[in-house]
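Please examine the protein chain shown below.

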Amino acid sequence: MQVMRRSLFAASAAMAAVVLVTGGSASAGATGDGARVAEQAEGAEGAEGVEAGAGAGARTGMAEADLAHHGHASLWEGRIAVWLESGNSGPAEVSDATVRLTFSVPLAGDAELPSVCLRGGDRVVLCRTGRLRASVGASGIPLDLKLAGSPAEAVVGVATAWSGGTADPNRGNDDHTVLVPATGDGYIF
């Protein structure tokens with residue numbers, strides 16, 4: 001099961017990276033930078049197994065960066081809003097990264113997404129962070145999504161799907177799960 005999940009992850013990350021970098025659809029093909037990004041995303045499976053701790057970049061031959069995702073989520077009347085901020089504490093710059101948001105409730109079929117995001121399934125959204133310089137403010141992505149039905153609560157998962165070819169020894173600040181009751185209040189992650 002673990003091997004199958006990793007294979008599916010690598011394939012979906014590669015597809016998302018190509019689509020997000022080229023700014024087109026999956027049928028746009030992988031040319032130029034898109035092919036390079038797809039190759040790096042396919043190699044992310046091996047980087048996923050890197051142990052947390054200092055020196056992860058040295059063990060993998062990759063530059064180290066400390067990606068962090070924070071924000072808040074609100075749920076009301078069948079809508080979920082997520083404000084996502086991604087940053088990088090360094091030391092290396094990240095040319096681009098992909099954040100995966102998972103929802104415990106399926107999204108409505110007509111949910112509109114920001115231009116930097118795409119659907120990765122009925123419960124998954126993948127968003128491109130853009131360039132993340134070391135120790136320079138975070139980039140923000142607002143999502144206002146319609147859910148299938150009107151649930152009393154939803155669980156939102158936020159995690160780095162692709163780290164731009166860098167090793168991240170501190171995964172604790174870029175991997176979150178938040179329970180969001182349908183109160184309209186913002187729940188911080």
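**Briefing on the predicted model**

The side chain of N88 reaches the backbone nitrogen of G90 at a distance of 2.7 Å, a polar contact in the sense of a pair of N or O atoms within 3.5 Å, where within protein one atom must be able to donate a hydrogen and the other to accept it, and where residues adjacent in sequence count only if both atoms are side-chain atoms. The model is predicted: local features need pLDDT of at least 70 and side-chain atom pairs count only at pLDDT 80 or more, while totals for chains, interfaces and linings use all residues. Residues are numbered from 1 along each chain as its sequence is written, and side-chain values use heavy atoms, with hydrogens and water left out.

**Overall architecture**

- The protein chain contains four helices and nine strands, these being DSSP runs numbered from the N terminus (helices: H or I, at least four residues; strands: E, at least two).
- Read from the N terminus, the order of elements is α-α-α-α-β-β-β-β-β-β-β-β-β.
- The chain has 189 residues, of which 42% count as buried; buried means under 20% relative accessible area, exposed over 50%, and partly exposed in between (1.4 Å probe, protein chains only).
- Of the contacts between residues at least 6 apart in sequence, 70% join residues at least 24 apart, a contact meaning heavy atoms within 4.5 Å.
- The accessible surface amounts to about 9,100 Å², and carbon and sulfur atoms account for 53% of that area (Shrake-Rupley method with a 1.4 Å probe; for residues, only the protein chains shown count as cover).

- N88 belongs to strand β2, which spans residues 79-88.
- With a relative accessibility of 4%, N88 counts as buried.
- Leaving aside residues up to four places away in sequence, N88 touches A65, D66, L67, E93, V94, L132, R133, A134, S135 and V136.

**Strand β5 and its partners**

- Four of the five residues of β5 are buried, so this strand is largely enclosed by the rest of the structure.
- Strand β3 (residues 98-103) and β5 run antiparallel and are joined by five bridges; two strands pair if DSSP finds at least two bridges between them.
- In this pairing, R100 stands opposite L126 of β5.
- Strands β4 and β5 also run antiparallel, with four bridges joining them.
- A hairpin is formed by β4 and β5, with two residues between them, and G121 stands opposite V124 in β5.

**The disulfide**

- The structure has one disulfide, defined as a pair of cysteine sulfur atoms within 2.5 Å.
- C117 and C127 form this bond, with their sulfur atoms 2.1 Å apart.
- C117 lies in strand β4 (residues 117-121) and C127 in strand β5 (residues 124-128), so the bond ties together parts that are 10 residues apart in sequence.
- The torsion about the S-S bond of C117 and C127 is about 110°, so the disulfide is right-handed.
- Both cysteines are buried: C117 has a relative accessibility of 9%, and C127 has one of 0%.

**Salt bridges**

- The structure holds five salt bridges, each a side-chain nitrogen of Lys or Arg within 4 Å of a carboxyl oxygen of Asp or Glu.
- One of them joins the side chains of R131 and E93 at 2.8 Å, N to O. R131 lies in the loop between β5 and β6 (139-146) and E93 in the loop between β2 and β3, so the pair ties together parts that are 38 residues apart in sequence. R131 is partly exposed, at 48% relative accessible area, and E93 is partly exposed at 38%.
- Another links D96 with R128, whose closest N and O atoms are 2.5 Å apart. D96 lies in the loop between β2 and β3 and R128 in strand β5, so this pair ties together parts that are 32 residues apart in sequence. D96 is buried at 6% relative accessibility, whereas R128 is partly exposed at 28%.
- The side chains of D110 and K146 also meet in a salt bridge, at 3.1 Å from N to O. D110 lies in the loop between β3 and β4 and K146 in strand β6, so the pair ties together parts that are 36 residues apart in sequence. D110 counts as exposed at 51% relative accessibility, whereas K146 is partly exposed at 35%.
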